[in-house]
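Colleague: Could you show me how to read the pockets, sheets and helix packing in a model like this one?

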Amino acid sequence: MRLLVTAERIWTGNEGHIIEDGAVLVDEGTITAVGPRTELAESAIEAERYDFPGHTLLPGLINAHVHLSFDAGEEPINTLLATEDHELLDGMAERARDSLDAGTTTVRDLGDRNGAAIRIRDAVARSEIAGPRVLAAGPPLTVREGHCWFLGGEVEREEDSLRRAVTHRAELGADVVKVMASGGQITPKSPAMWQSQFDAAELRVIVDESRRHGLPVAAHAHGSDAIEGAVSAGVSTIEHCTWLGPDGLDEREPVIREMRQRGISVCAGQSRNWHRLADKVGAERAQRFQRRLRTLDEAGVDVIIGTDAGLRDSVFDDFAGALGLYEHLGFGNERILRMATSEAAIALGIGERTGRVATGLAADLVVVRGDPLTRLGDLGEVALTVANGRPHHPSASG
């Protein structure tokens, strides 16, 4: 399929690079030209054309932390447990389409049941269903009766067992290994959020075996001890990075420095509900908790954006709603957009395939009404998503 998409302006994903009255030419899923509309239109007379005056075209968004297995309803865990596999796949396909509605062209699924997200990934790649590119972890590694044990990733804390578990995920076709380094709040009777589930030596085994299979490791880590252990083990990303100790927040500057030195990125996993935290823990504590992301960024740690979509009221079709947190913290609009596009692509190891509007990269694009570089909320006004060269019209716009 050959496409020509034009817009009032194109932001390419590179800092300060805007093409006024621009166009993108796409051939068989790949961007073949980017430039002024008047120049490209002459060479694309036979292409299927999409014109968007008054709109901005930018790289497709990357949601770096989702769970397609969860439905974002009142009780996502109980709903999952009551759902048969074939019904689960149908629901996941719907949520994949919802992601496209939000302009999201890549999602990193960090925990499913029985490798279901891998099947969704492959169905999208075969054009059997509409959806974003999926980077899938399969069932996350957890201890017996640990956080998210119900996804099927329980493992014994012994070297052979840990290595077999990683190998199994590689054989399933996983793109990334997810380990629950600490406890979590959605699993009854699991270790507390601040408690570690694996020690540093065990995490090093997981990272070592994952590297042997060419897989990055994403570590769910709320507790400061778990964060420190995961960083020393050399994981690729820390999910949440909440800095919890038994008596409250426990931010550790030496660990932050090591993150920067090792090139470990942080994905907060904050949804559009970020502003409700103050109601739960108080304004001062919420401010300290959210400020950690600014502290990490100021220390030179790469911060990327994920929403933990699938958890209660963390929906798939409102990625833009989560970005208000970063605006609240003082990040500039263009920087926020880079965190959700080009910088995320690099952190996830796919920067040579996507994340920018550039010749030779996958045609992952989103067109929005207005200009999110000046008004970030315009990012929620999606008019067209192009995922790997396939156009998708959001359901709300017909």
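Modeller: Happy to; we will take the pockets, then the sheets, then the helix pairs. This is a predicted model, so local features need pLDDT of at least 70 and side-chain atom pairs count only at pLDDT 80 or more, while totals for chains, interfaces and linings use all residues. Residues are numbered from 1 along each chain as its sequence is written, and side-chain values use heavy atoms, with hydrogens and water left out.

Colleague: How much space lies in the largest pocket?

Modeller: The general idea is that rolling a probe the size of a water molecule over the atoms shows where empty space is left. A pocket here is an open set of points, on a 1 Å grid over the protein atoms alone, where a 1.4 Å probe fits, with protein on both sides within 12 Å along at least five of seven lines; lining residues have an atom within 4 Å of a point. Its volume is the space filled by probe spheres set on the points, which are joined across faces, edges and corners. In this model, the largest pocket holds about 1,100 Å³. It is lined by 40 residues, and Gln185, Met193, Gln270, Lys280 and Leu311 are the closest to its centre.

Colleague: Which elements each supply at least two residues of that lining?

Modeller: Among them are β9 (217-223), β10 (237-245) and α10 (283-298). Helices (H or I, at least four residues) and strands (E, at least two) are DSSP runs, numbered from the N terminus. By residue type, the lining of the largest pocket divides into 15 nonpolar, 16 polar and nine charged. Here Ala, Val, Leu, Ile, Met, Phe, Trp, Tyr, Cys and Pro count as nonpolar, Asp, Glu, Lys and Arg as charged, and the others, Gly among them, as polar.

Colleague: What volume does the second largest pocket have?

Modeller: About 330 Å³. Of its 21 lining residues, Asp101, Asp317, Asp318, Gly380 and Glu381 are the closest to the centre. Helix α11 gives the largest share of this lining, three residues, and the lining as a whole divides into nine nonpolar, six polar and six charged.

Colleague: On to the sheets: what is the strand order in the sheet of seven strands?

Modeller: Two strands pair if DSSP finds at least two bridges between them. The order in this open sheet is β3-β2-β1-β4-β14-β15-β16, with mixed pairing. Its edge strands, β3 (30-36) and β16 (390-392), each pair on one side only. Inside the sheet, β1 (residues 2-11) and β4 (residues 48-59) pair in the parallel sense over seven bridges; the bridge partner of valine 5 in β4 is tyrosine 50.

Colleague: And which strands form the open sheet of three?

Modeller: That one runs β5-β6-β7, with parallel pairing. β5 (61-66) and β7 (133-136) each have a single partner strand, so one side of each is left without a neighbour in the sheet. Strand β6 (residues 104-109) meets β7 over four bridges, where valine 107 has valine 134 as its bridge partner.

Colleague: Last, at what angle do α3 and α4 cross?

Modeller: Two packed helices are described by the angle between their axes and the distance between the axes. Axes are lines fitted to C-alpha atoms, for helices over the stretch in contact, and angles run from 0 to 180 degrees between N-to-C directions. For α3 (residues 85-101) and α4 (residues 116-125), the axes come within 10 Å and cross at roughly 55°.
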